[in-house]
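Please look at the structure first.

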Amino acid sequence: DEGAAPHTSLMNFTFVEDGADSLIIMTTRTDTKKYVLMGKNPTVGLLLHDFPQIQSSERSFKRTLSISITGSARIEKGDDAERYRRIHLQKNMQYAQFIEGKEKAVVTVKIMQARMCNIQDHVTNWTRSGS
């Protein structure tokens, strides 16, 4: 089954706290492999990195983090989809071509676990309460 193979894709995202939930908002075309795979299996893995501006000062890299997230993806519909789309667009106006349009689905990822690693290789684990 091709769907069992890992699949990665570079994505623009927005982090929001929505009530008790920490969510990542993304949009994707509905004709993509990632859209089909998330519809079959909502468990997703995300890798976030802050990519600081290159500077001559070592200090600028002390806050560098990589975060591995495990979460549950949901393809939003109706009013919720449009509310999340507006939030995502406000944070990513320069990427409107990837956010607006009927062929773009809005996906939210409910964060279940996170593993954060800084430039000194200090790892912190976080798990959502009740999971």
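**Pockets and cores**

The second largest pocket has a lining of 13 residues, and those nearest its centre are Leu10, Met11, Thr27, Lys34 and Phe98. A pocket is an open set of points on a 1 Å grid over the protein atoms alone, where a 1.4 Å probe fits, with protein on both sides within 12 Å along at least five of seven lines; lining residues have an atom within 4 Å of a point. The model is predicted: local features need pLDDT of at least 70, side-chain atom pairs count only at pLDDT 80 or more, and totals for chains, interfaces and linings use all residues. Residues are numbered from 1 along each chain as its sequence is written, and side-chain values use heavy atoms, with hydrogens and water left out.

S2 supplies the largest share of the second pocket's lining, three residues; strands are DSSP runs of E, at least two residues, and helices runs of H or I, at least four, numbered from the N terminus.

For the largest pocket, 40 residues form the lining, and Ser9, Met26, Gly45, Leu46 and Leu47 are the closest to its centre. S3 contributes the most to this lining, with seven residues.

Met26 and Leu46 also belong to the largest nonpolar core, which has 12 residues in all. Such a core is a set of buried (under 20% relative accessible area, 1.4 Å probe, protein chains only) Ala, Val, Leu, Ile, Met, Phe, Trp, Tyr and Cys residues joined through side-chain atoms within 4.5 Å. S5 gives the most to this core, four residues.

His88, in helix H2 (residues 78–91), is buried, with a relative accessible area of 1%.

Terms used. Buried means under 20% relative accessible area, exposed over 50%, partly exposed in between (1.4 Å probe, protein chains only).
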